[in-house]
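Good morning, colleagues. Please look at the model on the screen while I go through some of its packing.

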Amino acid sequence: MLLRALYFSGPTSRNDLTARTGLSAATVSTMTADLLGENIVVEAGQVESDGGRPRVLLRVNPEYGFAVGVDVAETHVRVGLFDLEMTERAKVDYMLRPARHDPELVARHILSGVEVVLSDAGVAPEQVLGIGVGVPGIVEPGADGVIHAKTFGWDGVPLGALLRRGTSLPLYVDNGAKTMGQAELWFGSGRGASEAVIVLLGVGVGATIVADGTTFRGVSSSAGEWGHTKIVANGRPCRCGGRGCLEAYVGIEAILDRAGVTSQGDWEEDLAGVLASESPVVEETVTYLGVGLANLVNLINPEKIVIGGWVGVRLGESLLPGIRRATAANSLAEPYAATSIVLGRLGPDAVALGAATLVLEEFLNAPQVARITAAG
């Protein structure tokens with residue numbers, strides 16, 4: 001509790017930690033002394049106090065350990081190395097063909113990427129607390145990181161087990177929309193919200209549902225498959241095998257297909273062209289997205305909806321007022337009035353950053369255990 005308070009409040013005095021945590025001054029003094037002795041916490045200057053001696057500020061040591069965050073996407077595997085302040089120290093991308101997501105190839109890219117970012121940053125493997133991986137699809141709870149991702153052609157792929165053949169570092173695998181959601185909740189536009197939905201729009205479409213400050217996962221960890229909620233009965237075919245899914249209307253491939261654009265592979269440039277045109281597909285996309293968001297408003301009653309993912313942010317940059325109007329038009333008035341709709345602000349590395357927070361979360365829960373495990 002004390003370490004989490006210190007981490008999320010930034011440089012803080014012992015007196016402030018006592019007030020924030022409700023722990024006694026003696027307990028805070030003893031615990032911070034232990035953390036300083038372990039080099040988990042370091043001094044960060046002083047601040048004047050009211051009439052007494054200056055108070056020493058403490059903060060989590062950003063170089064006590066490092067976390068690897070991996071984004072496995074339709075077109076790339078992105079591997080980033082982050083310190084404990086979640087500052088990116090190194091990054092490498094490996095391109096994937098959208099039609100080829102061989103699990104062994106993806107695992108090789110991840111393992112190669114870990115070696116590259118550690119070398120580039122001059123970080124030894126024993127300094128790494130773990131590897132977090134964000135992937136599309138449903139990730140079963142358990143050590144093997146078993147993934148069901150129809151859009152990748154993966155059905156029961158044990159990605160965690162594949163990675164363990166090449167690394168002894170602790171591994172954490174989760175759905176990419178959920179990792180992005182945790183990043184936005186901790187460091188981005190969702191910070192401070194206890195009831196929120198963070199949506200990801202890219203090639204795929206998904207969401208993180210936050211209830212009472214915690215990610216809601218459901219009984220089989222598949223909660224948040226918002227992209228496969230139906231908005232048109234017997235509508236357009238979706239990559240999941242169903243019809244009428246939201247993703248079949250607002251995912252990038254669906255937008256381009258509806259606009260009659262044959263992509264040469266540069267989806268960002270293709271989307272910019274569609275948005276710059278006067279195609280009716282743009283307004284239709286806003287309407288479909290508004291319907292999808294309104295379903296979240298009516299069903300979840302969140303205080304905040306954060307629109308993330310590269311397609312979501314690109315749409316929102318110029319179309320956010322229209323998206324809000326379309327959401328309002330399809331929502332009940334009372335829950336809509338209680339909801340704010342904003343853009344994510346963590347950019348294209350949000351999934352990888354969120355994957356790194358899987359490691360950070362374990363560290364904050366049990367720092368010494370995480371350190372001992374990472375060191376082997």
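I shall cover a helix pair and then a sheet.

This is a predicted model, in which local features need pLDDT of at least 70, side-chain atom pairs count only at pLDDT 80 or more, and totals for chains, interfaces and linings use all residues. Residues are numbered from 1 along each chain as its sequence is written, and side-chain values use heavy atoms, with hydrogens and water left out.

Helices (H or I, at least four residues) and strands (E, at least two) are DSSP runs, numbered from the N terminus. Helix 13, residues 350-365, has its axis 8 Å from that of helix 1, residues 2-9, at an angle of about 135°. Axes are lines fitted to C-alpha atoms, for helices over the stretch in contact, and angles run from 0 to 180 degrees between N-to-C directions. The two helices, helix 1 and helix 13, are therefore oblique to each other; that term covers what remains after under 35 degrees (roughly parallel), over 145 (roughly antiparallel) and 65 to 115 (roughly perpendicular).

Of the 16 residues of helix 13, 13 are buried, so this helix is largely enclosed by the rest of the structure. Buried means under 20% relative accessible area, with a 1.4 Å probe and protein chains only.

Turning to the sheet, five strands form an open, mixed arrangement in the order 14-13-12-15-16. Strands pair if DSSP finds at least two bridges between them. Strand 14 (214-216) and strand 16 (340-343) are the edges, each with a single partner strand, so one side of each lacks a neighbour in the sheet. Strand 14 pairs with strand 13, residues 205-211, in the antiparallel sense over three bridges.

Key: Buried means under 20% relative accessible area, exposed over 50%, partly exposed in between (1.4 Å probe, protein chains only).
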